[in-house]
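Trainee: Hi! Could you walk me through the cavities in this one?
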Amino acid sequence: MSLTQALSTALSGLTVTQTSMSLVAGNVANAQTPGYVRKTPSITENASGTIGSAVQIDAINRVLDQFVQAQMRTESAGAGYADAVSNMYKQLQGIYGTPGSSGTLESTFNNFTSALQALGTTPNDGPTQLTVLSAGQALTQQLNSMSSSIQSLRGEAELGISQDVDTANNDLQQIAQINRQLASYSKQDSAYSALQDQRDVYIDQISKLMDVRVINSDNNQVSLLTSSGVQLVSGSQASTLSFNAQGAMSAQSQWSADPSKSTVGTITLTSPNGAKTDLIANGAIRSGEISAYLQMRDTTLVQAQAQLDQFAGAMASGLSDTTTPGTAATSGAQSGFDVDVGSLSAGNTVSITYTDTATNTQHQLTLMRVDDPSALPLKNSATSNPNDKVVGIDFSGGMASVVSQINAALSSTGMTASNPSGTTLRILDDGAANTVDVNAMSTTATATSLTGSVQLPMFTDGGQPYTGAITSVGSQSVGLAGRITVNGSLLANPSALVAYQASTTSADATRPNFIYGQMASASLGFSPSAGIGSAASPYSGTLSSYLSQITSVQSTAANNATNLQQGQDVVLSALQQRFTSTSGVNIDQEMSNLLTLQNAYAANARVMTTVNTMLNALMQLGL
């Protein structure tokens, strides 16, 4: 080896060692920097002449376990989802309060029933009447407050989605920009690995918000997609997310895949070529914080509101609904029943029970008054009865139209409808043909006056009777808990808690006992749409037992959310530790590497010094 070759080899060693020491210094300096990945040089030996060699750095490597990194991002989305859901459930539990403590809906309801029980003992006592009304107002006001708090939580979820979409947009733009920058760097540049670290930080941030998949491609680029396959970033181009927040939430604020019907915000992705995709309608976001907010806003909290609405509706209708059986009627060989439909309000019903004699199968048909024709046809879920067929009847055209509509609905059964007089509806079997028997018929109407019957509209929908009416915008039951009030006429005349007819004495406990019985022990039906009971077996029970069900369902869901959060945190923490053990900086190891590099630097420097001495000696000899 010539002296020149030795000098060249030592110089290359010094250069490589100096760069390696800079990497060690960078590792130590960034040991606590979030997202920093330990750097090491990739060193190769190159021939230098026939008997000499030199070393060079081909690339600056990031010590990275990509499999663990991908798993960590998947679990980060899961943890983001679990954290957001658990936090919102904790707030929801705060709205319901601690079971058994004062101030809960359960305790307020118990205060109301206790006051009613006392009124049954002393119906003519004015202060007791006022106590009942005060307890009733406290109950309705608590339902109003809880409903408002649930809608505020939905608004919080909507705001969370909006903020997360802004964050995600920034992350996507940054990832695309770094892709563009990396295309101009080589692997030997220190900025190359630093930019990769920055890009990973943005990918990690967005993976907490939504489930994403990273695909590495040529020219130091990555593509980012949702786990469902929607393209978010492709090279230097990023899609844009937008969210049309709708502001304050109400119980009527509902998401719909039909933009003309949706009254809450949706997330729209606009690709670089201008194509638009509704990510919610397409189910593109399946995990992460955004998915959690969507679930809470559109499902969990909507269901919580529905449970309160069902409770409020049962309180109102339990006191005001009057069921009247039909009277037997015949016409020649035909037989059936007559009912008066003149007192029916929108949402009130006619129930028909009949038997198909060929199969000896009994059926139930519910005819529901509808005053908004655009709400037709109705779904069978319009009532809580899982065994009935529901047919909406538009009463706006008078009895002739009502009969015509009912006959159309009965055409396949063999029964016929007619209007013998006034507002009387008659349903008859097919007579001698004997293919169908009408077993029973009744109407259920809402009492709208404080006098006339023991039933009364003690609770109203913001001053209007609650009848369960269905219109094109939905059921009257939606949001009822936020609007329910004690009847203003009753507040002005507390004695009406007792007097329901002109002849009623002040000591008559008939109405107080009826109210107490309905509130405390009557078995009422509840729609399964609120998540309690099922379509095949709707929940039926007392108001108190339904409240217990609400508390149990919400408590179980909150506990499940907490357990999921804790489980996800454990999994994510384990992955982070595993990732850090490979990619993180170990100060002791870096110090050991530094000592080795210092020795190598000293050795190369000594070679250069020796070569320099020899060259000087040769020059002095004139060689």
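Mentor: Happy to. One term to start: Ala, Val, Leu, Ile, Met, Phe, Trp, Tyr, Cys and Pro count as nonpolar, Asp, Glu, Lys and Arg as charged, and the others, Gly among them, as polar. This is a predicted model, where local features need pLDDT of at least 70, side-chain atom pairs count only at pLDDT 80 or more, and totals for chains, interfaces and linings use all residues. Residues are numbered from 1 along each chain as its sequence is written, and side-chain values use heavy atoms, without hydrogens and water.

Trainee: How many cavities of 30 Å³ or more are there?
Mentor: The search of the whole structure gives 3. A cavity is a set of points on a 1 Å grid over the protein atoms alone where a 1.4 Å probe fits but cannot get out, and lining residues have an atom within 4 Å of a point.

Trainee: What space lies in the largest cavity?
Mentor: About 90 Å³, counted as the space filled by probe spheres set on the points, which are joined across faces, edges and corners.

Trainee: Which residues line the largest cavity?
Mentor: Among them are Y96, G97, T104, L547 and T551. By class, the lining has 5 nonpolar, 5 polar and 1 charged residues.

Trainee: And which helix gives the most to that lining?
Mentor: α11, with 3 residues. Helices here are DSSP runs (H or I, at least four residues), numbered from the N terminus.

Trainee: Now the second largest cavity: what is its volume?
Mentor: About 40 Å³. Q93, Y96, G97, P99, T551, Q554 and S555 line the second largest cavity, and α2 (66-96) and α11 each give two or more residues.

Trainee: How does that lining divide by class?
Mentor: Into 2 nonpolar, 5 polar and no charged residues.

Terms used:
1 Å grid on protein atoms, 1.4 Å probe; cavity = no way out; pocket = protein on both sides within 12 Å on 5 of 7 lines; lining within 4 Å.
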